[in-house]
Amino acid sequence: MSIEPTLSTDILVIGAGPAGIAAAVSAAECGRRVLLIDDNPQAGGQIWRGTNIDQGPVSARGWLQRLESSNLQHINGCRAIFLADSNLLIADLHGQRCAIRFEHAILTSGARELYLPFPGWTLPGVTGAGGLQALIKSGLDVSGKRIVIAGSGPLLLAVAATARRASAHVLCIAEQTRAKARRNFAFGLWRHPGKLTQAIRLRAQSIGAPYSADAWITQAEGDDRLAAVWLKHGTRHRRIECDLLACGFGLVPNLDLAQMFGCTITGGAIAVDKSQRSSRQNVFAAGESTGIGGIDKALIEGRIAGFAAAGSADKAAVLLAVRARTQAFAKTLAKAFALRDELRTLATPETFFCRCEDVPLSAVRAMPNMRQAKLASRCGMGACQGRICGSAAEFLFGWRDTASTRPPFTATALSNLISPSIEASQK
């Protein structure tokens with residue numbers, strides 16, 4: 001018995017953020033049948049969350065308009081479960097099993113925040129920097145709330161701007177990178193006029209929020225929820241009473257999909273060639289999953305992947321020089337905001353390292369790898385399946401075996417996994 005696919009397409013794009021939208025639209029404009037799926041209720045990903053064709057950044061509105069007017073098929077609320085074979089994806093569509101047959105796939109799974117443990121990081125009121133931004137865009141009322149924003153990277157300014165527009169009181173923005181590195185990065189933005197304009201705009205939108213480099217959170221305090229944080233700025237420590245702490249130490253690529261498809265991972269990102277093709281002949285990848293670099297890199301890589309998957313290599317080739325500039329900026333960004341060694345020693349032995357399973361740092365610190373940590377403590381075996389503690393372990397301990405993606409790729413009803421047709425396809 002075989003699976004009868006309910007959907008069939010030439011090119012399947014998984015992930016409707018900027019890279020996915022650009023890839024899907026570009027491929028569709030070449031005359032190919034394109035299906036774009038995403039697990040969110042609307043297109044845009046994290047970066048364009050809450051944006052539509054009538055409001056938001058001009059670039060975002062333009063791409064969303066092109067998506068809306070394109071003849072491609074776009075389905076929200078659709079989550080990948082597993083691959084039945086190299087050209088057949090089993091997905092969860094609003095709770096029901098759905099099979100998708102495709103010729104080529106483009107993975108645009110984006111990135112997630114890197115969280116590092118410190119005393120009090122599991123208190124209610126402590127969120128990721130991007131996490132708080134997403135909550136605000138989704139309707140969280142932060143009016144009058146006292147917020148500390150800390151961690152690393154340009155995202156901190158974007159979060160501060162979002163919080164201030166929502167009438168929050170941003171007490172400070174604490175950037176862990178060294179002041180000299182930050183200055184050098186800022187002075188070098190003249191080479192990237194678009195980025196310079198964006199930086200000036202974000203800083204203007206966050207005026208009134210004190211910004212400090214060489215600063216990072218060492219501890220969060222509170223009984224039932226967050227009450228205050230301790231901030232180290234150079235050699236000084238100070239206590240700041242606050243309602244919310246938004247703390248994120250940059251981004252890491254989402255690689256679960258790539259691992260499910262069997263793509264080669266190099267340097268913590270999906271390895272691709274000049275056409276954005278992965279090690280799997282019929283699988284392409286674009287955006288943050290191929291290396292953190294921002295929206296411009298995501299859009300140009302998405303376009304190249306879309307054209308290449310559609311067989312329009314000439315159109316893809318025209319964009320290679322632009323992509324090289326965005327990738328050069330990505331390298332500059334990574335160097336400027338590299339995480340400092342002091343962040344490896346914030347957690348105490350009693351600090352929960354694995355939030356899902358309440359595993360303290362002392363239970364895993366002496367382990368040689370993630371596998372041994374799991375066997376001894378259930379670290380990484382909770383709801384997030386190691387996505388939080390696994391990424392932290394790579395930075396803190398240098399572990400390289402933190403990824404363990406296996407089907408099902410995402411939580412789904414048991415009935416979607418035990419269908420006789422699915423069992424037959426896997427024999």
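Predicted model: local features only at pLDDT ≥ 70, side-chain atom pairs only at ≥ 80, totals over all residues.

User: How many bridges join S12 to S13?

Analyst: Six bridges, between S12 at residues 215-221 and S13 at residues 228-233, and the two strands run antiparallel. If you want a pair to click on, Glu-221 has Ala-228 in S13 as its bridge partner.

User: And what does the turn between those two look like?

Analyst: That hairpin has six residues between the strands, and Gly-222 in it takes a positive phi near 155 degrees.

User: OK, what about S13 and S14, which way do they pair?

Analyst: In the antiparallel sense, over six bridges, with S14 covering residues 236-241. Leu-231 has its bridge partner in S14, and that's Arg-238. The hairpin here has two residues between the strands, and Gly-234 takes a positive phi near 70 degrees.

User: Switching topics. Where's the other hairpin region, the one around S5?

Analyst: S5 is residues 88-93. S4, at residues 78-85, pairs with S5 in the antiparallel sense over six bridges, and the two form a hairpin with two residues between them. The bridge partner of Asp-85 in S5 is Leu-88.

User: Which strand pairs with S5 over six bridges besides that?

Analyst: S6, residues 96-107, which also pairs with S5 in the antiparallel sense. Look for Ala-91, whose bridge partner in S6 is Cys-98. In the hairpin of S5 and S6 there are two residues between the strands, and His-94 takes a positive phi near 50 degrees.

User: How many of S5's six residues are buried?

Analyst: Five, so the strand is mostly covered.

User: Speaking of helices, how do H1 and H8 pack?

Analyst: H1 (residues 18-28) and H8 (residues 295-309) pack at an angle of about 30 degrees, with their axes 7 Å apart. Angles under 35 degrees count as roughly parallel, so H1 is roughly parallel to H8. The crossing is right-handed.

User: Which residues make the contact?

Analyst: On H1 they're Pro-18, Ala-19, Ala-22, Ala-23, Ser-26 and Ala-27, while H8 brings in Ile-295, Ala-298, Leu-299, Gly-302, Arg-303, Gly-306 and Phe-307. By type, that contact divides into nine nonpolar, three polar and one charged.

User: Now a couple of single residues. Is Ile-11 buried or exposed?

Analyst: Ile-11 is buried, because its relative accessible area is 0% and the cut-off for buried is under 20%. Ile-11 lies in S1, residues 7-14.

User: What does Ile-11 touch?

Analyst: Leaving out residues up to four places away in sequence, Ile-11 touches Ala-27, Arg-32, Arg-33, Val-34, Leu-35, His-104, Ile-106, Ala-309 and Ala-310. Ala-27 also turned up in the contact of H1 with H8.

User: And Gln-205, where does that sit?

Analyst: Gln-205 is in helix H6, residues 193-205. With a relative accessible area of 32%, Gln-205 is partly exposed.

User: Which residues does Gln-205 touch?

Analyst: Not counting residues up to four places away in sequence, Gln-205 touches Ala-161, Arg-164 and Arg-165. As for Ala-24, Gln-205 is 181 residues from it in sequence and 33 Å from it in space, C-alpha to C-alpha.

Notes. Residues numbered from 1 in each chain as written. Heavy atoms only, no water. Pairing = 2+ DSSP bridges. Helix = DSSP H or I, 4+ residues; strand = E, 2+ residues; numbered from the N terminus. Axes fitted to C-alpha atoms, helices over the stretch in contact; angles between N-to-C directions. Parallel < 35°, antiparallel > 145°, perpendicular 65-115°, else oblique. Left-handed = near helix turned anticlockwise from the far one by under 90°. Contact = heavy atoms within 4.5 Å. Nonpolar A, V, L, I, M, F, W, Y, C, P; charged D, E, K, R; others polar. Buried < 20%, exposed > 50% of the residue type's maximum accessible area, 1.4 Å probe, protein only.
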